[in-house]
Amino acid sequence: MKKLKCAIIGAGNISGKHLHGYKSQSDRVELAAVCDIIPERAEAKAKEFGIPDVYTDYGMIAKRKDIDFVCICLPNYLHCPATVQFLNAGKHVHCEKPMALNGKQANEMLAVSRATGKKLMVGVNNRFTNQAAFVKGYINDGKLGKVYYSRCGWIRRGGLSYAGWFCDKKLAGGGPMIDLGVHFIDLTLYYLGYPEFDSISARTFAKFGTDDNVRQLYTFDGAKADFNQKYTVEDFIAGFVNFKDDSCMSFEVSWASNIEKEKTFYEILGDKGGLRYDSGAAAPLKIYSVEQGQFVDIEPKIKSDAYGISEFGHFADCILADKEPTIAPPEQTAKMMELIDAAYKSAEKNGRQVVFK
């Protein structure tokens, strides 16, 4: 079988996930090229992973006829233009999260994917875990009954971005909402089948990143804050979403907040049962139900090889079988960007409700 040729666009930290991921698919994927504006960084990745070709201009890769797909591992503000360029050049695209800076860009990417017939998938990696497969199946089987409320989030005690483009809204699109929120808000919406949005209210706060007296304290451990970097994003956001099926969801996301410790979480309540995940709990995943007229608590023991799904294997499958990414369809990740837009719009109005059309 002819192997798919893959090019990695951007050799920063996040590229490691894609490099290792597609290296694990070496029976059908060949890592053919890597690109970064810093030559030494691209060369280091090429040497580590045995990649033959190194570039500093991704436009050169777009011109190559033999490249089947690319992984966009660039800063947020480049996700849309790079994705559109590669789709138009006839390449399939696996783009890192967030999909783009905003809903408008996300929908442009989606439209070009449809027009060119090339696959587009965003790396919402939390969908591709054994736990996520179990929870999705459990809910789809009706075990929770009619879901009416959910809550989710990712909160950190100290995790301010210390340098680079992350703190600049024009380059990043936002702070923890667009950086961390896309993970567990998206995952919860995925569990629920992405119900249609009705309205949202949200508030944002920037209490630590904008204060030079405490900025270093709330920056990642071992990292030095760059006080020359302008901080124009939030470090905390909380919101409440109403869905058109009469259910609702709350969320809380922070880079920095005065809490005990960092954790990720989701909780989903239905009229037949409830389910919660808390990364800080002794038993992270628990189900609360009723059996024989009595309350029961269930702690699932999910085997590490239970489902055998992979973000990278799934996208390779989609290209080879000419099918759409069913676990992470780009239509849903574009909807996520529209939700983020509305959350920020509400926050700009001090939490006033924003209604979706």
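Quick housekeeping before we start. Because this is a predicted model, local features need pLDDT of at least 70 and side-chain atom pairs count only at pLDDT 80 or more, while totals for chains, interfaces and linings use all residues. Residues are numbered from 1 along each chain as its sequence is written, and side-chain values use heavy atoms, with hydrogens and water left out.

Okay, aromatics. A pair of aromatic rings is described by the distance of the centres and the angle of the planes. Here, rings of Phe, Tyr and Trp (its six-membered ring) pair if their centres lie within 6.5 Å; planes under 30 degrees apart count as stacked, over 60 as edge-to-face and the rest as tilted. How many aromatic pairs does a search of the whole structure find? There are 15 aromatic pairs. One of them is Trp 165 with Phe 166, a stacked pair at 4.0 Å centre to centre and 20° between the planes. Phe 166 is partly exposed, because its relative accessibility is 29%. The scale for that is simple: buried means under 20% relative accessible area, exposed over 50%, and partly exposed in between, using a 1.4 Å probe and protein chains only.

Now look at Phe 184 and Tyr 277. Their planes are at 0° and their centres 6.3 Å apart, so this pair is stacked. Phe 184 sits in helix H8 (residues 176-191) and Tyr 277 in strand S12 (residues 273-278), so the pair ties together parts that are 93 residues apart in sequence. Helices (H or I, at least four residues) and strands (E, at least two) are DSSP runs, numbered from the N terminus.

Lys 136 lies over the face of Tyr 190, 4.8 Å from the ring centre. Lys 169 puts its charged end over the ring of Tyr 344, at 3.9 Å from the centre. To count, NZ of Lys or CZ of Arg has to be within 6 Å of the ring centre and within 35 degrees of the ring normal.

H8 has 16 residues and reaches 22 Å from its first C-alpha to its last, close to the 22 Å expected at 1.5 Å a residue. That expected span is 1.5 Å times one less than the number of residues. Where does H8 bend? The bend is at Val 182, by about 50°, taken as the angle between axes fitted to the seven residues ending there and the seven starting there. As for cover, 16 of the 16 residues in H8 are buried.

Next, the backbone. Most residues other than glycine have a negative phi, and most peptide bonds are trans. After H8 comes Gly 193, with a positive phi near 80°. Then there's Tyr 194, which is not a glycine but has a phi near 50°. Tyr 194 lies in the loop between H8 and strand S8 (197-205), and is buried because its relative accessible area is 12%. Asp 322 also has a positive phi, about 50°, and is in the loop between helix H9 (311-321) and H10. Is Asp 322 buried or exposed? At 60% relative accessibility, Asp 322 is exposed. In that loop between H9 and H10 you'll also find Pro 329, which is buried at 16%. And for a cis peptide bond, go from Lys 97 to Pro 98, where omega is near -10°. Pro 98 is in the loop between strand S5 (92-95) and helix H5 (103-116).

Last stop, cysteines. A disulfide is a covalent bond between the sulfur atoms of two cysteines. With the cut-off at 2.5 Å between cysteine sulfur atoms, the structure holds zero disulfides. For Cys 80, the nearest cysteine sulfur is that of Cys 95, 9.1 Å away. Cys 80 is buried at 4% relative accessible area, and Cys 167 is buried too, at 0%.

That's my tour.
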